Amino acid sequence: MKSNYIKQIFFAISLLVLSSCSDDFLDKKPTEYVTYEDITKTTDDLMTLLNGIHRSLYIRYESNQNENGLGGMMQQVDIAGDDVVFPATNGWFLQVYNWNGVANENAQDVRFPYRTYYRIIRNANTILGAVDKTIGPDADKKVLKGQALLYRAFCHYQLVQLFGKRYVNGVDNSQLGVPLVLVVGNEGFARSTVEQVYTQINKDLDEANTLLVGYTKPNNSHLGLSVAQGLKARVALTQGNWAIAADYAAKAKTGIALMNAEEYVKGFNDYAGKEWMWGSHINEVQTDYFGNFGAYMSRNYNSTVIRTCPKAINSKLYNLIPTTDVRSKLFDKTGVHASLNLPSSFTKYPYTSQKFLSVSTGDSRCDVPYMRVAEMYLIEAEAKARLGQADAAAVLFALVKTRDTGYTLSTKTGQALVDEIWFQRRIELWGEGFRFYDLKRTNSPLDRSGANHNSTITNNVINVPATDKRWQWLIPRAEINANPLVKQNEL
């Protein structure tokens, strides 16, 4: 983060302008003539920057085709877990699957999330540093500030979970987190403590929750009040602040309907789906054919990755899903996927997923889900179960009855009920970027044993204790070289 300030600013501005959704982009001035003053003069200018951030969530920053925005990072944190299975050797994300990339300070697997999240933070800080001085309605300024604060909070939250040790409620969380970057500039920042990072995250979230009251967002790529409440609930769950998690999850899900069974089996490639709270719609003219989320996580796109190494669910987990549960239909135990009419060139493996489908075999576009209302039910249920509240099972039932016609209200209590909620969380949120974080926040070991994980492909990474140092990904060596204030995690 000590790279040249001017280059940083102009990269941020040109990226945001060029990736915004304006129809008259051909009439824009050449990028080299765009100045900071030009792009921060009015609230309309800053709205263009904000739209640029929305678009930047699914563009390729680096040269590697798998380094494609939030969708790529969602895959990383699931592939590093136990529920997504590689049935064959494939170069993309393989070093994350076998945990080599996350323990290599020179690997692109750690550079990618570190750089991407800090780029988004820098762009959010550009808005936050300019918004109060811009010309425009106060209502627009509130929306700009609220969404920028959410982006900054979200990115710091993702970073501290990857590169810091887990947050433990009720103790002094003075372990090293990540640098807190709250201004646009070229100065280097040391790593703040985990406690300090979460304090700032919550400060940003609380302000955003106030600013976005009354805002009606135009589509689900924007972050409205329900997303602000949902992020607050997520963070509180990670911190073990159960009452806050339950409260904000309940607020976030208010007025948002759950999908029925028919909708569910086709509900994961359209950000306008009724359960979606936040996601990216991949614009046809801005698509990245071999880098899109659908190019890796779909079953029907005709790419080398999908043909040779389609993603599968942990067989041990799948076999626990009742046949009456619609979620079992998102995976094929035989690997044939008869309804998709897969070409003969597609290698068939058991337990492969068809949860995510691209537009067609020749079009990898698949909208990317960052938050769905189902998650809010799971957060509220878990938080209430941890608190011992009697209605925890009822909250879980309200969700699961829409998925499983044979499900009955749970009579479990205590840890047994929490375990049931965790199971439902695993099958509900499969492939949506939660599993590594969930294992880490619950201080659980990685356990891929007894399932369809191949020890040769995983490089024998089948069991990893919760105390293993690799749960803290290494800070990129390039960052440490540029900013000596940043200390490395244990090698």
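In this predicted model, the buried residues of helix α8 pack against α7 (138-163), β2 (176-179), β3 (191-193), α9 (225-239) and α10 (242-253). The buried set in α8 comprises Val194, Val197, Tyr198, Gln200, Ile201, Asn202, Asp204, Leu205, Ala208, Asn209 and Leu211.

Attention now turns to the empty space inside the protein. Rolling a probe the size of a water molecule over the atoms shows where such space is left. Across the whole structure, the search finds 3 cavities of 30 Å³ or more.

The largest cavity has a volume of about 240 Å³. It is lined by 22 residues, and those closest to its centre are Gln158, Arg234, Gly433, Phe434 and Tyr437. At least two lining residues come from each of α4 (69-79), α7, α9, α15 (373-387) and α18 (435-441). By type, the lining divides into 12 nonpolar, 4 polar and 6 charged residues.

The second largest cavity has a volume of about 70 Å³. Its lining is made up of Val160, Gln161, Lys165, Arg166, Tyr167, Tyr198, Thr238, Tyr437, Lys440 and Arg441. Here α7 and α18 each supply at least two residues, with α18 giving the most, 3 residues. This lining divides into 4 nonpolar, 2 polar and 4 charged residues.

Definitions and conventions:
Residues numbered from 1 in each chain as written. Predicted model: local features only at pLDDT ≥ 70, side-chain atom pairs only at ≥ 80, totals over all residues. Heavy atoms only, no water. Buried < 20%, exposed > 50% of the residue type's maximum accessible area, 1.4 Å probe, protein only. Helix = DSSP H or I, 4+ residues; strand = E, 2+ residues; numbered from the N terminus. Contact = heavy atoms within 4.5 Å. 1 Å grid on protein atoms, 1.4 Å probe; cavity = no way out; pocket = protein on both sides within 12 Å on 5 of 7 lines; lining within 4 Å. Points joined across faces, edges and corners; volume = space filled by probe spheres on them. Nonpolar A, V, L, I, M, F, W, Y, C, P; charged D, E, K, R; others polar.
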